[in-house]
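Please look over the sequence and the structure first, then read the notes below.

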Amino acid sequence: MIDKLKKLTKTKSFHICMIIVIIVAILFVVGMLVLRYNVEGETNMPFDLSKIAIISTQEGIDDGQTNTRWSFDVHQSNDIYLYIDKNDAYDKTEIIKSVRVDNFQIEAKNTENIKLYKPDATEENLIFQYNDDDIIQSLEYTGDVESDLKNLKISNQGGIIAFRCSNNNVAKYQSDEEEINHSELLKKAGVTEEDLKVNLTFQLTITLESGKEYQAEIKTELPIGNVIDEGNTSTEITDLKDVVFKRTHN
């Protein structure tokens with residue numbers, strides 16, 4: 001029996017079979033590693049997305065008509081803040097070169113009403129305005145010594161970036177009342193949750209001075225909560241296991 005095994009191991013077909021087995025094993029291990037990476041992504045990045053804060057509000061913008069005391073275009077806006085924090089467990093020093101959001105995909109009842117805005121640099125007391133000059137298709141914050149939200153700068157050791165997703169002209173509201181509560185405009189105008197619902201998907205890219213680049217897709221459902229009845233709603237999302245970063249550049 002032993003002699004037969006020795007003869008078998010010396011045959012060409014045996015060696016070919018062993019090579020095939022080794023190749024299949026290697027391919028299986030590589031495939032499992034690729035599958036795990038696609039599911040888990042980067043597990044030890046220099047900087048992490050630690051939190052997403054969203055504030056949903058409603059506002060009436062004077063449309064200039066004078067046939068009633070009040071005449072508004074009613075907007076429903078969602079201010080999105082992304083918190084980028086340094087990973088203290090990362091054992092090397094890295095510097096943020098830029099943080100970018102782009103590749104926006106929007107699903108809504110009236111997509112033409114959905115506008116994306118960067119922070120407004122001209123207004124001192126407000127972060128966002130409805131200025132056409134602030135409308136964006138993509139947004140990039142550059143790394144700097146200190147963060148400056150309105151001037152699109154983020155600290156090179158981590159900070160906050162922000163943009164607004166607004167459902168403009170979702171309704172018109174006119175009234176001759178003495179006073180108007182802007183937190184009740186959606187309700188008074190008869191707006192429904194279906195009118196407001198927006199599914200927003202975008203990519204977040206963190207680029208480092210070393211050349212490393214990490215990218216993730218983020219999906220959000222807007223607005224937050226029952227903004228029609230409550231007027232203003234907000235949330236902080238810290239469970240970000242579904243946000244998977246992958247290295248797109250070494």
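The largest cavity has a volume of about 30 Å³, and a search of the whole structure finds one cavity of 30 Å³ or more. A cavity is, on a 1 Å grid over the protein atoms alone, a set of points where a 1.4 Å probe fits but cannot get out; a volume is the space filled by probe spheres set on the points, with grid points joined across faces, edges and corners. The model is predicted: local features need pLDDT of at least 70, side-chain atom pairs count only at pLDDT 80 or more, and totals for chains, interfaces and linings use all residues. Residues are numbered from 1 along each chain as its sequence is written, and side-chain values use heavy atoms, with hydrogens and water left out.

**The chain as a whole**

- The secondary structure comes to five helices and 11 strands, where helices (H or I, at least four residues) and strands (E, at least two) are DSSP runs numbered from the N terminus.
- The chain has 250 residues, of which 40% count as buried; buried means under 20% relative accessible area, exposed over 50%, and partly exposed in between, with a 1.4 Å probe and protein chains only.
- Among the contacts in the chain with a separation of 6 or more, 72% are accounted for by residues 24 or more positions apart; contact means heavy atoms within 4.5 Å.

**Cavity and pocket**

- Pro-46, Lys-86, Asn-87, Tyr-90, Lys-92 and Glu-94 line the largest cavity; lining residues have an atom within 4 Å of a point.
- That cavity lining divides into two nonpolar, one polar and three charged residues. Ala, Val, Leu, Ile, Met, Phe, Trp, Tyr, Cys and Pro count as nonpolar, Asp, Glu, Lys and Arg as charged, and the others, Gly among them, as polar.
- The largest pocket has a volume of about 380 Å³; a pocket is an open set of points with protein on both sides within 12 Å along at least five of seven lines.
- This pocket is lined by 19 residues, and Glu-217, Ile-218, Lys-219, Asp-242 and Val-243 lie nearest its centre.
- By type, the pocket lining holds nine nonpolar, four polar and six charged residues.
- β1 (47–62), β9 (213–222) and β11 (246–249) each supply at least two residues of the pocket lining, and β9 gives the largest share, seven residues.

**Strand pairing**

- β1 and β2 pair in the antiparallel sense over 15 bridges; two strands pair if DSSP finds at least two bridges between them.
- Within that pairing, Leu-49 has Ile-84 in β2 as its bridge partner.
- β2 is also joined to β7 (residues 159–175) by 14 bridges, and these two strands run antiparallel.
- Tyr-83 stands opposite Ile-160 in β7, and Asn-78 has Cys-165 in β7 as its bridge partner.
- Strand β4 (residues 114–117) pairs with β7 in the antiparallel sense over four bridges, with Lys-115 opposite Ser-166 in β7.
- Strand β2 (residues 70–86) has 13 of its 17 residues buried, so it is largely enclosed by the rest of the structure.
- For β7, 13 of the 17 residues are buried, so this strand too is largely enclosed by the rest of the structure.

**Leu-208**

- Leu-208 lies in strand β8 (residues 198–208) and counts as buried because its relative accessibility is 1%.
- Not counting residues up to four places away in sequence, Leu-208 touches Pro-46, Phe-47, Glu-94, Ile-95, Ile-96, Lys-97 and Tyr-214.
- The C-alpha atoms of Leu-208 and Asn-156 are separated by 8.8 Å, and the two residues are 52 residues apart along the chain.

**Backbone details**

- Most residues other than glycine have a negative phi, and most peptide bonds are trans.
- Asn-103, in strand β3 (residues 96–108), is not a glycine but has a positive phi of about 55°. Asn-103 counts as partly exposed, at 45% relative accessibility.
- Asn-169, in strand β7, has a positive phi near 55° and is partly exposed, with a relative accessible area of 42%.
- The peptide bond from Leu-222 to Pro-223 is cis, with omega near -5°; Pro-223 sits in the loop between β9 and α5 (227–230).
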